[in-house]
Amino acid sequence: MLFDQAVDIPEIFKSERVSVTLIEGKARYNLRVKAADVTAFKKSTGLKLPSKIGSSSLSKVVSCLKLGPDEWLVIANSTQQKKLDKVFEKASKDFICSITDISHRNIGFEVSGELAAKLINVGCPLDLSLTAFPVGKVTRTIFESAQIMLLRTGEDSFHVECWRSFAPYLRDYFKRVMTTRY
Amino acid sequence: MFEIHCPYCNEKRAEIEFSYAGEAHIVRPNAKQQPVMSDEDWSRYMFIRDNIRGEHAERWWHNAGCNMFFNAIRNTVTDKFVMTYKMGSPRRTAKQIDVARETNTADKAKT
């Protein structure tokens, strides 16, 4: 069981111009791999690990996001979890690396609609114009006082990921903004 | 809100994503030196800092970003960042700092 249930998203979060939904059923892994091993690691695991910080390889099944010089976040459908567990178990024997299952640590929100960027900008100082933050760009950043991971999945949609314990705070913050502004 | 250039992300990011992490270029004594060091030497390594007024080499941590430490030259009087550079690269010379300062001013004049 995943812990997405820790945050129940009630009625709210659906206005004409922006909506927030919970992203359920995801497995997540944090990878730390040495630069020298990356090519071999990619071959061994079959993952498409992007090489530039802030870039990502998105797919419906497994997405790889590069957060730091040697750090990746892998987000996959939970149906892939058993398969990935096996792949990573083998990789952890072959490489000096760190692979952590953080499926239960994080909670994902999908923010979409024409006002999505504006809603995020209420608590986050990044420039979210399409030129500065194009589709597929990912970064860890701050939303008010909570650390989040922000990924642009489409022109008008974002994936916001935060620690489980921050999720009620984020949800209430979104709720407050949406009920007072939109 | 002012912005700091992160040498790893290679972009300017908001200051709230960063944490200050003390003076830079303080080398930890190696295993050979450690057993023969006096308490005074240790305390100098652990606690004694230059506390410079002016351009100061210091470490910063992009903890809500790429999670890397890097070095920066910051003026402790004006709080202006002159330059940032990757961890592990040598201390910047006065000349390099001068050049960086001039480029900053030139860039600012352009915009």
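Predicted model: local features only at pLDDT ≥ 70, side-chain atom pairs only at ≥ 80, totals over all residues.
Local features are reported at pLDDT of at least 70 and side-chain atom pairs at pLDDT 80 or more, while totals for chains, interfaces and linings use all residues, and side-chain values use heavy atoms without hydrogens and water. Residues are numbered from 1 along each chain as its sequence is written, with chains lettered from A in the order in which they are written.

**View 1. The elements of chain B.** Chain B holds 2 helices and 6 strands, which follow one another from the N terminus as β-β-β-α-β-β-β-α; helices (H or I, at least four residues) and strands (E, at least two) are DSSP runs, numbered from the N terminus. Of the 111 residues in this chain, 34% are buried, where buried means under 20% relative accessible area, exposed over 50% and partly exposed in between (1.4 Å probe, protein chains only).

View 2. In chain B, 4 strands form an open sheet in the order 3-4-5-6, with antiparallel pairing; two strands count as paired if DSSP finds at least two bridges between them. Strand 3 (19–23) and strand 6 (81–86) of chain B each have a single partner strand, so these edge strands are each left with one side lacking a neighbour in the sheet. Strand 5 (residues 69–75) of chain B is joined to strand 6 of chain B by 5 bridges, and B:R74 has B:F81 in strand 6 as its bridge partner. Helix 2 (residues 94–110) of chain B packs on the sheet and touches strand 4 (55–61), strand 5 and strand 6 of chain B, its direction making about 120° with that of strand 6. Contact here means heavy atoms within 4.5 Å, and the axes are lines fitted to C-alpha atoms, for helices over the stretch in contact, with angles running from 0 to 180 degrees between N-to-C directions.

**View 3. Strand 10 of chain A and its pairing.** Strand 10 (residues 157–163) of chain A is mostly covered, with 6 of its 7 residues buried. Strand 7 (residues 106–112) of chain A pairs with strand 10 in the antiparallel sense over 7 bridges, and A:F109 stands opposite A:V160 of strand 10. Strand 9 (residues 146–154) of chain A also pairs with strand 10 in the antiparallel sense, over 6 bridges, with A:L151 and A:H159 as bridge partners; strands 9 and 10 of chain A form a hairpin with 2 residues between them.
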